[in-house]
Amino acid sequence: MAQIVKVLIPRPVWQAYDYLLPDTVSNVVVGARVRVPFGPTTVVGIVVELPASSEHVDQLRSVDKVFDQRSILTADILRLANWLASYYHCPIGTVIETMLPTDVLRGRPMIVDPDFEWMIVAQDHAVEFKHAKRQKEVWELLTKRGTIPDAEMRKVGVIRSVLNSMETKGLIRRVPLLPKYQFKTRGIKPTQEQDIAINSILAALESFGVHVLDGVTGSGKTEVYIRVIKEVLEQGKQVLVLVPEIALTPQTANHFRDRFGDVAVLHSMRTNLQRFEIWCKVASGEQRLVLGTRSAIFTPFKDLGLIVVDEEHDTSYKQADSLRYSARDAAIVRARDLNVPVILGSATLSLETIENINRTKYNSYRLSARPGVAKLPKFQLLDIRGQTLQGGMCHSLIEIMRYHLDRKGQVLVLINRRGFALSLICHDCGRRATCQDCDVSLTLHEYPRRELRCHYCDRRYELPESCPDCSSNRLVSIGAATQRVVETLSDAFPDVPVRRIDRDAVNTNRKLEQTIEAMQRPSRCILVGTQMLAKGHHLPNVTLVAVLRADAGFFSADFRAAERTAQLIVQVAGRAGRAEREGEVWIQTHDPEHPHLESLAKSGYAGFVKTELISRKGANLPPYSHLALLRAEGTNSEAVSAFLEQLLTEIQFTSTEKLGPIPASIPRLNNRWRCQAALVDSNRKRLHESLSKIARSPMQRSKIRWSIDVDPLDMS
Ligand code: ADP
Ligand code: ZN
Ligand code: ZN
């Protein structure tokens with residue numbers, strides 16, 4: 001009887017399908033790619049099982065091509081895929097589609113041979129090349145140079161057959177060109193606190209464990225990672241380092257390259273081919289040190305010995321659509337499965353991680369000071385009640401800036417909204433300019449052209465001459481955003497360059513690097529920007545950080561907004577005073593008695609965490625309960641709400657708490673109505689049983705899109 005294969009297909013399907021292996025194919029292994037008919041087309045899928053029989057043997061269709069003789073996926077990657085599918089209630093086919101690089105799914109042949117170079121095989125007699133002029137040239141080149149990479153041979157035009165025939169004759173041979181990891185200390189001697197962390201983690205390398213580095217900004221967390229990585233590489237094993245965003249990778253990648261000589265970098269800006277090549281080289285074991293963003297957690301490793309998750313609190317580890325996974329959590333699951341350690345590091349740990357430390361599930365190490373003379377900046381609140389604001393800033397703040405600029409310090413201004421003004425309103429009737437397609441106010445932009453923009457759907461509008469409701473022409477812009485702050489500061493300090501960092505001004509990685517580079521020079525300047533400022537950049541000359549309006553997040557309806565706001569403020573503050581010069585942080589606010597601001601000013605992030613954990617506990621919110629969000633959207637708001645209502649009836653008799661359906665915080669986006677319902681349960685298993693029922697509910701509405709988000713970070 002013909003062999004049956006079970007194939008996972010990268011389409012939104014919940015299970016693998018059986019196919020027949022044609023007689024012409026003698027053998028296939030689990031983890032090989034095959035092309036199979038699927039509906040009216042064919043797709044490349046992965047063999048996941050070789051079952052002895054199938055229910056409908058006579059109806060099975062046949063595999064029409066086998067791509068691989070060997071498995072291209074490690075067994076642990078398949079286990080991870082299954083975990084992701086069941087934990088995030090996502091079809092296994094979608095999981096596979098998210099995990100595998102495009103070129104793998106296109107059936108591109110795997111690169112199994114490592115890069116290599118050619119060298120001469122020692123001869124005990126003189127070699128003569130009478131008629132083989134080409135061979136003689138190669139021989140002479142190799143005699144002179146010792147070894148030459150194969151790629152270089154191709155580049156200088158040496159024909160493959162020449163090399164092959166010399167190889168057959170035993171004149172030359174291939175030697176693998178493996179990256180050499182050579183560790184350099186660069187004169188850094190770990191501090192006592194760093195030593196404690198390094199040695200404790202090194203003592204626990206042989207098994208799974210979560211090690212948390214709770215280190216203030218600039219305390220040298222990276223140095224701890226590097227020392228541990230060095231040992232793992234020396235044991236011949238592989239290491240994966242995850243970082244939040246591309247913006248962070250150039251600096252971090254250079255740092256790792258400098259210390260180890262080589263690092264493979266995986267992020268979304270890479271071409272399909274580059275991603276594929278690195279994927280192959282990591283799978284073959286050739287590349288041993290990999291630095292990557294979120295999806296790098298899906299790379300198959302031959303012998304993984306350690307995972308590092310830097311800035312573990314960062315929300316970019318969570319994917320917002322399709323497979324809504326957290327790369328940090330997937331890293332922990334994968335490390336446990338492989339029985340290897342994982343290091344999480346941050347100056348502003350997520351409350352989930354802090355709670356896991358408190359429950360002694362994770363080990364933690366504290367780096368409380370910056371090495372050398374650099375000191376942590378002090379937080380101060382600036383009460384602006386009743387004060388006249390100019391471009392969103394009070395007079396005393398501008399004077400504080402002047403003080404720092406006069407002493408050749410650099411100034412950083414955080415204002416978390418791009419554009420010129422938050423909104424445009426009619427001074428006579430109060431009408432606010434809103435987007436026609438979304439329930440949000442429009443942001444006024446002055447540059448590169450004067451217009452109103454919707455920050456959600458990106459629709460743009462001409463500025464009205466007068467109010468559409470009352471015809472008044474007294475339209476006023478209110479609330480400063482980045483462009484307005486830049487304008488105000490350029491007027492106040494005409495001889496100081498003022499730069500802007502937001503998504504409009506800095507839309508490429510290169511531009512961001514240039515701006516950051518310019519700031520490395522010790523000359524006076526002001527940098528105004530959004531949360532992009534917080535991203536780990538090293539700005540040694542900044543002595544003042546000013547925070548405008550950032551505390552708005554403390555008043556948001558999203559229960560996680562306070563945590564994100566505190567993290568943002570502390571991270572931006574961490575850019576100051578990184579070198580010899582001490583730094584200051586001023587937070588402008590209308591509400592200086594707000595408990596979050598008070599605790600932040602008095603005892604930093606730890607102070608905030610203490611008060612916030614108490615309020616989460618009181619409200620039975622994560623990390624004290626487990627949460628999932630059902631989101632639905634469609635063209636008719638009643639239908640969307642009714643749909644969610646009906647979905648919830650699937651679990652009406654369970655004790656999982658159901659909140660909603662309620663309209664989303666932005667009820668209409670792109671002309672689609674949005675509703676959501678939250679499921680909360682103190683028991684994780686029970687929550688997942690409820691979610692399974694919902695995920696597999698037969699109920700569908702053609703015009704309604706809906707999704708399940710497990711452990712949602714964004715509640716809007
Ligand atoms: P973090 O990641 O904790 O914000 P970094 O790892 O970027 O901090 O370290 C901040 C700076 O301190 C870097 O320039 C780093 O080279 C330096 N540094 C780290 N450890 C030491 C040490 N033990 N002695 C001297 N300098 C150090
Ligand atoms: Zn009006
Ligand atoms: Zn819009």
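Biologist: Let's start with ligand 1. Which residues come nearest?

Modeller: This is a predicted model, to be clear. There are 15 residues around ligand 1, and the ones that come nearest are Lys 189, Gln 194, Gly 218, Lys 221 and Thr 222.

Biologist: OK, polar contacts then. What does the backbone of Lys 189 do with ligand 1?

Modeller: One of its backbone N or O atoms sits 2.8 Å from a nitrogen atom of ligand 1. On the oxygen side, a polar backbone atom of Ser 219 is 3.2 Å from an oxygen atom of the ligand. Thr 222 uses its side chain: an N or O atom there is 3.0 Å from an oxygen atom of ligand 1.

Biologist: And how much of ligand 1 does the protein bury?

Modeller: The protein buries 72% of the 560 Å² that ligand 1 exposes when taken alone.

Biologist: Which helix gives the most to the shell around ligand 1?

Modeller: That's H8, residues 221-234, which puts three residues into the shell.

Biologist: Tell me about H8 itself. How far apart are its end C-alpha atoms?

Modeller: They are 20 Å apart, which agrees with expectation, because 14 residues at 1.5 Å a residue should span 20 Å.

Biologist: Is H8 mostly covered or mostly open?

Modeller: Mostly covered, with 11 of the 14 residues buried. Among the buried ones are Lys 221, Glu 223, Arg 227 and Lys 230, along with Val 224, Ile 226 and Leu 233.

Biologist: What happens just after H8?

Modeller: Gly 236 takes a positive phi there, about 85°.

Biologist: Which residues other than glycine have a positive phi?

Modeller: Asn 339 is one, with phi near 60°, and Asn 620 is another, at about 55°. They're worth a mention because most residues other than glycine have a negative phi.

Biologist: Where does Asn 339 lie?

Modeller: In the loop between helix H11 (327-338) and strand E14 (341-346). Its relative accessibility is 40%, so Asn 339 counts as partly exposed.

Biologist: And where is Asn 620 found?

Modeller: In the loop between H17 and strand E29 (626-634). Asn 620 has 32% relative accessibility, so it counts as partly exposed too.

Biologist: You mentioned H17. What's going on with Glu 612 in that helix?

Modeller: H17 covers residues 595-618, and Glu 612 lies within it. The glutamate counts as buried because its relative accessibility is 5%, and the cut-off for buried is under 20%.

Biologist: So which side chain makes a polar contact with the one of Glu 612?

Modeller: His 596, at 3.3 Å. Leaving out neighbours within four places in sequence, Glu 612 is also in contact with Leu 351, Phe 559 and Ala 562.

Biologist: New topic: where are the cis peptide bonds?

Modeller: One joins Tyr 447 and Pro 448, with omega about -5°. Another joins Gly 660 and Pro 661, with omega about 5°.

Biologist: Where do Pro 448 and Pro 661 sit?

Modeller: Pro 448 is in the loop between strand E21 (443-445) and strand E22 (451-453). Pro 661, on the other hand, is in a strand, E30, which runs over residues 657-669.

Note on methods
Residues are numbered from 1 along each chain as its sequence is written. Chains are lettered from A and ligands numbered from 1 in the order in which they are written. This is a predicted model: local features need pLDDT of at least 70, side-chain atom pairs count only at pLDDT 80 or more; totals for chains, interfaces and linings use all residues. Side-chain values use heavy atoms; hydrogens and water are left out. Helices (H or I, at least four residues) and strands (E, at least two) are DSSP runs, numbered from the N terminus. Buried means under 20% relative accessible area, exposed over 50%, partly exposed in between (1.4 Å probe, protein chains only). A polar contact is a pair of N or O atoms within 3.5 Å; within protein, one must be able to donate a hydrogen and the other to accept it, and residues adjacent in sequence count only if both atoms are side-chain atoms. Contact means heavy atoms within 4.5 Å. A residue is near a molecule or strand if one of its heavy atoms lies within 4 Å of it. Accessible areas come from the Shrake-Rupley method with a 1.4 Å probe; for residues, only the protein chains shown count as cover. The expected span of a helix is 1.5 Å times one less than its number of residues.
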